[in-house]
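Please consult the sequence and structure shown below while reading.

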Amino acid sequence: MAVQRTGERLVGQSVTRKEDRRLLTGRGTFIGDMGPLPNIHHAAILRSPHPHARIRRIDVDEAGHMEGVVGILTGDEVAKMSQPFPVASPSSPPYYSCAIGKVRFVGEPVAVVVARDRYIAEDALDAIVVDYEALPAVVDPEKAVEPEAPILHEDLGTNVAMHRVLNYGDPDRAFAEADLVVEERFVFPKYASTPLETYGVIANYEQASGVLTIWSNFHGPFSMQPVVARALQIAQNKLRFIVPPDIGGGFGIKSSIYPYLALIGLAAMKAGVPVKWIEDRREHLLASSSGTDRVSYVAAAVKRDGTITAMKMRIYDNVGGYFRAPEPGCVFRPLGNYVGGYKFRNLHVDAYCVLTNKSLTGPNRGYGCQQLYFGIERLVDQIAERLSLDPAEVRMRNLIPPEAFPYTTPTGGIYDAGDYPATLKKALEMAGYGALREVQKKARHEGRYVGIGFGLGVDPSVSNMGYVNIAQTPAERAKSRPKSGAVQATTISIDPLGMITVGLTTTPQGQGHETVVAQIVADELGAHPDEITVVSGIDTFQSAWTIASGSYSSRFSAIGTSSAVMAARKLKKKMFRIAAHSLGVEPEDLEMQGDKIVAISDPSKVLSIRHIAGLAHWDPQSLPKDMEPGLYTTYFYSMPTAKPPDEYDRVDSSNTYGFMADLVVVEIDPETFEIQIKKYVTVHDAGTILHPKIVEGQVQGAALHGIAGALYEELAYDEDGQFLTGTFMDYLCPTFSDAPTLEIGHIVVPSPFTVLGSKGLGESTTETAPVAIANAVSDALSGLGIKINELPLTPSKLWHWVRQAKSPAAGPQ
Amino acid sequence: MEAFADEAKILAGGQSLVPLLNMRLARPAHLIDINGCDELAYVREADGYLAIGAMTRQREVEMSPLAREACPLLAEALHWVGYLQTRYRGTIGGSVAHADPSAEIPTALTCLGGTMKVSSARGERVCGVEEFFVSYLTTSLQPDELLTEVLVPKSDPRGGWAFLELSRRHSDFALVGVACTLSLGGSNGKVTAARINLAGVGPVPFRPQRAVSCLLDQKPSDLLFREAGRIASEEVEPESDYHASAEYRREMVGILVRRGLEKALQRAEERLTDGTG
């Protein structure tokens, strides 16, 4: 839809995406397209076939002499050339970009070959001989904490990388006074995102200047820039990160590319040539990054009427072979919203991050929330069942009321705005909930298994980096500098002819940042969005970046847009001053009309933006005396509520909080146990909606990602630590044909903390879909005596569980 | 082909071979690309048979009015092969020569009693499915031989058929797949002929012989089909993997055989009543 510039507000309209023309015609600029330097060589990475083994010896002799091979990097050299990456937890074992002395998961990098082309590099991998001494492995986080478990890091002496006990309110008392206590054990699977574009890195080391330049599809947070600089022992201003304008999807996963930035950087330093490495799909599934798998014990103290008064959670979060920053984010990124949308004030959290022989973890769309809500929302259903109440009614009873906002949670979250009961009510209405229960009853009479499931969740966005310091005790934290970052910058310039260019540092991965920023700036500065050039991508030597820059934690719609508005307003203010000076009026007397600035008291006094731009660039002497010439500005927007954790372990771990209510109807084949999603209603409160079509796309994607976690995707390992799902034949990503038709609704309660009132939305339903489906399947099979406390659900698993419930002697699968 | 002997691989549609090459699981010294052999791409009638050139794209057969008329089971099976996109590229001959026992085309051809025409410098030979499919990804093709044509007997115009499959996600390899045909006798309506083949439960498309026998000369009924399913599930020896256990697969064989027979019966009855037969 082309937009005619008639002065109406563009924010809130589905304008044509600026990016689509180049993306749909195959003319994007992705890392794989880039050849920024001559003489680029190509890397291939030798990876461990063992889940746990000592490396006795690596022989690279034959490989090193192969025609076309220019360098080989092994763990010993990585140990000499670099330091371990810093992590928030005080007791974390050393983590380098390459295995040193020992491998701790299948796929861990062991050596890097640099060669003239990728074919030669891969051939050379076959010629490297590694002498491994295989060791027993452990993959289950509960087994890994048992005393007889194999220890991954001998120096640490335990597989517990982090353990924190957090207490809010008086949970013991609430449990003592409860009418009912419900407790369950939950198992949440390890899965990832599978962006179309895998990781890609190009590194070049200039010996003369000592500058290491790294091109990559890293999408932030740029706090990893100092992390990589420290690991490489390079001054931060000698380490240049460049991100191309297009990234082919990320979903959080590409945050964890940073060890490869160091590894390929070291390979380039060693080989003395620019080096390019594009991860292949097998490597991606084997060793990029994923969410954690988690075993949790969640208990709720409940009153007879269904009111929840407290919860207790014991969490075993599986971080894989090393404890890698920004972990323990999976446990603590949602800390501020640990109570979800519910008003109970007493909470006990006993959290372990456990090392096992699985691949490493990091941000994955929903970062920690799907694990959290799986426990809470499954438990709420079981409370309803035990009390013979309707699950919707139990939820309605416990939701935070709209008059309580902004609402401070017991864990320190400040929920900015929302109407949670109205959101749930809308979902019930859209689904025709009352009639659905009748349909279900009728289906049961016919021997069909139809179930209805809910998934409610608070959707945190714009993480406050301070949360990672919850890994330390308050006493440990007191000794170090506090952290609380949540800043985003936008740069806007107006050229001598009045045309606008906007520079982003939000490293978009396909979310349409260029489009939305053009809408915003067009509204603020009276331009047509097609005339505005928006430049995405980052160059840390030139862009206005901060440690919080990037595209993660759904921060663009809240904070990226806020910085864009403020930058535009800053420039607008300057133009008003120039106009006022030139027209001989007060700036307060001026208003913008389209692309002109007009005096309200005397409309004959008018200047076009083009004219003002001309003055600013061509005739600095005509400007007010104290004014800098030019029209160029950068605005750093900081969220007003981002503060470090306090002495009671409370932290506002995110800066805006949306809300969603999902209602799913499933039908299960009574013979094959195939699961069919018959209806999926999802209602969101993301505050002001900036671009409805992009929002719809985000919700569709988020839902399918969550459905994937519930039914299809798992990075699965056997008991001995061998990896089972190394290709798309076994790691099942749902495709278009597996996607249900979503019915999407919105409740709009604008955030008071962002300039436009918008909150994040990109993760949303990915956090609630897994539990909503689990609840629906549980409901469908409720007559058969099974509880769905584990994902993903496969027909084979369901069949076994049901058979086992019928005759306990049958044994587990 | 003679010159390269077993150092060469034939490249047809590339939908199985190219992933194997990409993952370095197959490393032939030479590839012989037969995509230019247009004369091997055809669907035609030949003497009571449907003749399909080895290089015919799967989608073409799936949409061919002739194939749908003469061998509706094959057309139905093709719907389950990979994705629409891969079917435009993948060939009939390529899938047959790849001989994956969970693949749909070998299963359907085995059910229909297809024969393979194989050529080499030594001459031409024709071999039946039982002789052709040897084991997992293994056929009786010699290194110097090329599969050129697949011949499928035209189906009983009054019979019924079904191809059903169970997979975790549409287009995945079958956990269990079933191909079946059913013919009924004129006046008393008894089963005069039946064929069943299963995908994904053995090294080659498996025929549950006892289940087939129990159907013959019987009046079709719910009970009979259940019995056939039960027997079939006893005849298979499926394996467990990450996606499904052996026990589940065995149970599903029984259910899919029954459902397949029900669908085949329904189609046979429809053909009898509307006189298309």
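## Salt bridges

With which residue does B:Lys263 form a salt bridge? The partner is B:Glu76, and the closest N and O atoms are 3.9 Å apart. A salt bridge is here a side-chain nitrogen of Lys or Arg within 4 Å of a carboxyl oxygen of Asp or Glu. B:Lys263 belongs to helix 11 (residues 246–274) of chain B and B:Glu76 to helix 4 (residues 72–78) of chain B, so that distant parts of the chain, 187 residues apart, are linked. Helices (H or I, at least four residues) and strands (E, at least two) are DSSP runs, numbered from the N terminus. B:Lys263 is partly exposed at 29% relative accessibility, whereas B:Glu76 is buried at 15%. Buried denotes under 20% relative accessible area, exposed over 50%, and partly exposed in between (1.4 Å probe, protein chains only).

The model is predicted: local features need pLDDT of at least 70, side-chain atom pairs count only at pLDDT 80 or more, and totals for chains, interfaces and linings use all residues. Residues are numbered from 1 along each chain as its sequence is written, chains are lettered from A and ligands numbered from 1 in the order in which they are written, and side-chain values use heavy atoms, with hydrogens and water left out.

## Further pairs and a network

Over all chains, the salt bridges number 69. One of them joins the side chains of A:Lys759 and A:Asp685, at 3.1 Å from N to O. A:Lys759 is in the loop between strand 29 (742–746) and helix 20 (765–780) of chain A, and A:Asp685 is in strand 28 (residues 675–685) of chain A, so this pair ties together parts 74 residues apart in sequence. A:Lys759 is buried, with 2% relative accessibility, and A:Asp685 is likewise buried at 2%.

In chain B, B:Lys117 pairs with B:Glu149 in a salt bridge whose closest N and O atoms are 3.2 Å apart. Strand 5 (residues 115–120) of chain B holds B:Lys117 and strand 9 (residues 146–153) of chain B holds B:Glu149, so the pair ties together parts 32 residues apart in sequence. B:Lys117 is partly exposed at 21%, while B:Glu149 is buried at 5%. A network of salt bridges links residues including A:Arg47, A:Arg118, A:Glu122, B:Arg24 and B:Arg27.

## Helix packing

In chain A, the axes of helix 11 (residues 369–386) and helix 12 (residues 391–398) come within 8 Å and cross at roughly 115°. Axes are lines fitted to C-alpha atoms, for helices over the stretch in contact, and angles run from 0 to 180 degrees between N-to-C directions. Helix 11 of chain A is therefore roughly perpendicular to helix 12 of chain A, a term that covers 65 to 115 degrees (under 35 is roughly parallel, over 145 roughly antiparallel, and the rest oblique). Ala, Val, Leu, Ile, Met, Phe, Trp, Tyr, Cys and Pro count as nonpolar, Asp, Glu, Lys and Arg as charged, and the others, Gly among them, as polar.

In chain B, helix 10 (residues 222–235) and helix 11 have axes that come within 7 Å and cross at roughly 145°. Their contact has seven nonpolar, three polar and six charged residues.

## A buried alanine

B:Ala268 is located in helix 11 of chain B and is buried, with 0% relative accessibility. Leaving aside neighbours within four places in sequence, B:Ala268 is in contact with B:Arg158, B:Gly159, B:Gly160, B:Leu182 and B:Leu184.

## Backbone features

Most residues other than glycine have a negative phi, and most peptide bonds are trans. The bond from A:Gly220 to A:Pro221 is cis, with omega near 5°, and another cis peptide bond, with omega about -10°, joins A:Phe405 and A:Pro406.

A:Asn39 has a positive phi of about 65° although it is not a glycine, and A:Asn39 is partly exposed at 48%. A:Ser764 also has a positive phi, near 25°; A:Ser764 is buried, at 0% relative accessibility.

Terms used. Contact = heavy atoms within 4.5 Å.
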